[in-house]
Amino acid sequence: MLQEESDLSLVIAQIVQKLKGSNLYAQLERQAWASLQRPEIKLESLKEDIKEFFKISGWEKKLQNAVYSELSVFPLPSHPAAPPEHLKEPLVYMRKAQGSWEKRILKSLNSMCTELSIPLARKRPVGEQKELLNKWNEMGTDEPDLSLFRPVYAPKDFLEVLINLRNPNYENGDSLSFRTHLGLIQVPLKVKDIPELKEFFVELGLTTGQLGIDDSTQVPPELFENEHVRIGQKVLAEQDSAAAQQYIRQGSPTALRAELWALILNISSQPEDILYYEQLKTNVIQHDLLVDSLIYKDVKLTASNDDYYFVFEDYLYQVLLCFSRDTSVLGHFAYNSASPPKSYIRGKLGLEEYAVFYPPNGVIPFHGFSMYVAPLCFLYHEPSKLYQIFREMYVRFFFRLHSISSHPSGIVSLCLLFETLLQTYLPQLFYHLREIGAQPLRISFKWMVRAFSGYLATDQLLLLWDRILGYNSLEILAARAYCQLL
Amino acid sequence: MAGKVKWVTDIEKSVLINNFEKRGWVQVTENEDWNFYWMSVQTIRNVFSVETGYRLSDDQIVNHFPNHYELTRKDLMVKNIKRYRKELEKEGSPLAEKDENGKYLYLDFVPVTYMLPADYNLFVEEFRKSPSSTWIMKPCGKAQGKGIFLINKLSQIKKWSRDSKTSSFVTQSTKEAYVISLYINNPLLIGGRKFDLRLYVLVSTYRPLRCYMYKLGFCRFCTVKYTPSTSELDNMFVHLTNVAIQKHGEDYNHIHGGKWTVNNLRLYLESTRGKEVTGKLFDEIHWIIVQSLKAVAPVMNNDKHCFECYGYDIIIDDKLKPWLIEVNASPSLTSSTANDRILKYNLINDTLNIAVPNGEIPDCKWNKSPPKEVLGNYEILYDEELAQGDGADRELRSRQGQSLGPRGGRSRDSGRTVLTTWK
């Protein structure tokens, strides 16, 4: 009990610390001061009265949502003496693997840079700045010569790295037994089996109504859909993040989805947020980064050719170019096994005072990266809101899909979960595919890395992402990949 | 009847021919005994013309109505709709209700249009009322965006002024006739781009009116960002959505062809604007299609040998109001992308299933009531017989509880739109 209590107080202390620096804190303070004018606030019962005021005016709810948000993202409480690396990734061999993978990526980036003699970053001349500002809403029409650029890596390169992951402390033994994992991933991580998945995803059971199934044309709406929509509207009226997260496990009605996701991710477009986005836009205008070309290339190769997303090409630039320059993203590296690449001012290699993170947000885009943003364009057409939602989705979920870690939602676990499900429940199919040289993971890997974006029709995809948000886990991707092969 | 259907066509498109062949039909020439002729609009003119025409026998079916141009020529369509509205107004129908500005509440779905040179003076009067407006000039008899241009100054259309001494044409032959319509300069934009809707509507008979809507319509996007700026009035890539024009643009993409399915549009609008307004929009679109068909039904030669598949072009403005731009008698059967080819193949397939029941030699005296199973991707848009059958059923679109007002007034013009595409 004592241990639990001290864990809890540690968590509380850390959350309070985090929130103290936030905008919400400043707003609450202002609201508290302003409330002193109100007649119902009496000096004798100041604390209770202000608390009551917060409750009625909805500010308590906002605070609740913020705390809930922190809890969702916060790594599990660990030993107070644990070093920060353990927060990122507890297993040493995983950390090492991630480290060497990062070195490879950076090397590849630097060599492209040297080959093409393009600086990693440069300040744009004023003329160019003006031009870009005019073209801001139609950057898709720009036709820079991208032929010499290639994506820094593609999902299949990453897969090769994962296949070669080994735990040096684990000895498999040479003999094959029925326990031997026949898949490509050969690390001993704990993944859920079907009974555990059933328990975890209890709301997806056959007896519970689901959108995407129970709202199809043949089913009369009175049976499920109408009630579900009504509840959704209620949840939105209450502005309760936790309730929204629970609700969305059964899928979100299309008309409510944009608001529900914003509520769950605790995004509300404040003037400060819009200002922040404008600031990022200014950074884009003033400086050109090498990764910009990588982003252009990626969009042109993927989203522009997609039946659903080609329409939103220009939004993708507006989001991704700003994303690269957003240093607030660096915060997520505290719980990401990856670390932001460092670059050094010319001639000062190795000198820490001259090191900068490159790109400023520490995230080097790979082939298909823009597809994380594309589906969101169906929900949000206001650029700063779209940006916020994407950024939050990235630092909560998407980063796990391209970094090596032991986290249950990390791509390694997802791959292992997928393969284990297949091997356990469809052994004949699995074995057959192996025999003909078509390891199933090679097919499904790209689906999972992209969270199925571009591989599913948008309405199906959004229903899938509803569940990612609802269960705060990416395991649904592995389950979905498994179902695809059924 | 044991014989195989004998078909002819003068449109060499694989989506047609593959469909005929897969039914085991036999190709013949037009001089032989044929049962099914998929003809171009020129040919239908000959078949039904006074000089060169001939009688069709009971086992012959063609894919156009003799005077389809009442609907498919831009000037005649507008004429017929104006006439229809006036008639409804005269008989005091609630459908013809107007608002305080004199605009029709339920029948204002065609942009203000005038014929040139006939209505030139009327047009000038209208133009002067809002001199900063833009107008679009369209030749009556052309297609694929040919000959269309935008104007914002009277001087640009001096030629069509009846009194003009520099008028270069003296006859008013139908070939040179133009219509001029108020340009919708506030189209709904998605991703900053203008688009229009192409919907396919099959009419098997006009009296009683029986029509079907193809569920898989699509949106055609311009490749260039939309701007109402006057400097770009000449840039057809900004303004005209016809694929025939867009595919020559620099940014034309051959994978998706700048097209979206109507379902995508629906998903996008529901997600960003809400379910009610989206449902209302689609209801209105169905409404205007049905009204346009009702408008021409009285003047249409309802020859029992005929059916027709129209391509409706509709633009949505930024207030989510749909506008009928035009109706095509010969919607393009060319495929610009792989998806397109599949769509058009299926379109013809479903059309043939409805028009030529069971794929057998047709008897044009049949009741033109196909069973539900053969509809494929079509849905009943309006069935006048069914509607009159339950005249007591006044509920037109009460689902949305919309403000379109009472429309079940008389059994003649009330009808039930059976469509439930928005489910």
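Visitor: Contact means heavy atoms within 4.5 Å; how many residues does the contact take from chain B and from chain A?

Guide: The contact takes 22 residues from chain B and 30 residues from chain A. Please note that this is a predicted model, in which local features need pLDDT of at least 70 and side-chain atom pairs count only at pLDDT 80 or more, while totals for chains, interfaces and linings use all residues. Residues are numbered from 1 along each chain as its sequence is written, chains are lettered from A and ligands numbered from 1 in the order in which they are written, and side-chain values use heavy atoms, with hydrogens and water left out.

Visitor: And how much area do chain B and chain A bury between them?

Guide: They bury about 2200 Å², with 54% of it on carbon and sulfur atoms. Buried area is the accessible area (1.4 Å probe) that two parts lose on being put together, summed over both.

Visitor: How many salt bridges does the rule find across that interface?

Guide: The rule finds one salt bridge between chain B and chain A. A salt bridge is a side-chain nitrogen of Lys or Arg within 4 Å of a carboxyl oxygen of Asp or Glu. Here K275(B) meets E225(A), at 3.6 Å from N to O. Over all chains, the count comes to 37 salt bridges.

Visitor: Let us stay with chain B, then. What does its secondary structure come to?

Guide: Chain B has 11 helices and 16 strands. Helices (H or I, at least four residues) and strands (E, at least two) are DSSP runs, numbered from the N terminus. Of the 423 residues of chain B, 57% count as buried. Buried means under 20% relative accessible area, exposed over 50%, and partly exposed in between (1.4 Å probe, protein chains only). Among contacts in chain B with a separation of 6 or more, 70% come from residues 24 or more positions apart.

Visitor: Which residue forms a salt bridge with R220(B)?

Guide: The partner is D196(B), the closest N and O atoms being 2.8 Å apart. This pair links distant parts of the chain, since R220(B) is in strand β12 (residues 218-221) and D196(B) in strand β10, 24 residues apart.

Visitor: Is R220(B) buried or exposed?

Guide: R220(B) is buried, because its relative accessibility is 9%. D196(B), at 5%, is therefore counted as buried too.

Visitor: Where do E284(B) and K280(B) lie?

Guide: Both lie in helix α9 (residues 275-296) of chain B, four residues apart, about one turn of the helix. E284(B) is buried, with a relative accessible area of 13%, whereas K280(B) is partly exposed at 32%.

Visitor: What is phi of A451(A) near?

Guide: Phi of A451(A) is near 50 degrees, a positive value in a residue other than glycine. A451(A) sits in the loop between α19 (440-449) and α20 (458-471) of chain A, and it counts as buried at 0% relative accessibility. L320(B) also has a positive phi, near 60 degrees. L320(B) is placed in the loop between β14 (308-316) and β15 (322-328) of chain B.

Visitor: Turning to chain A, where is L421(A) found?

Guide: L421(A) is in helix α17 (residues 411-425) of chain A, and it is buried, with a relative accessible area of 3%. Leaving aside neighbours within four places in sequence, L421(A) is in contact with I194(A), L197(A), L426(A), A479(A) and Y482(A). The C-alpha atoms of L421(A) and Y482(A) are separated by 7.0 Å, although these residues are 61 apart along the chain.

Visitor: And N361(A): buried or exposed?

Guide: N361(A) is buried, with a relative accessible area of 0%. N361(A) belongs to the loop between β4 (355-357) and α16 (383-396) of chain A. Beyond neighbours within four places in sequence, its contacts include F323(A), D326(A) and F333(A).

Definitions and conventions
Contact means heavy atoms within 4.5 Å.
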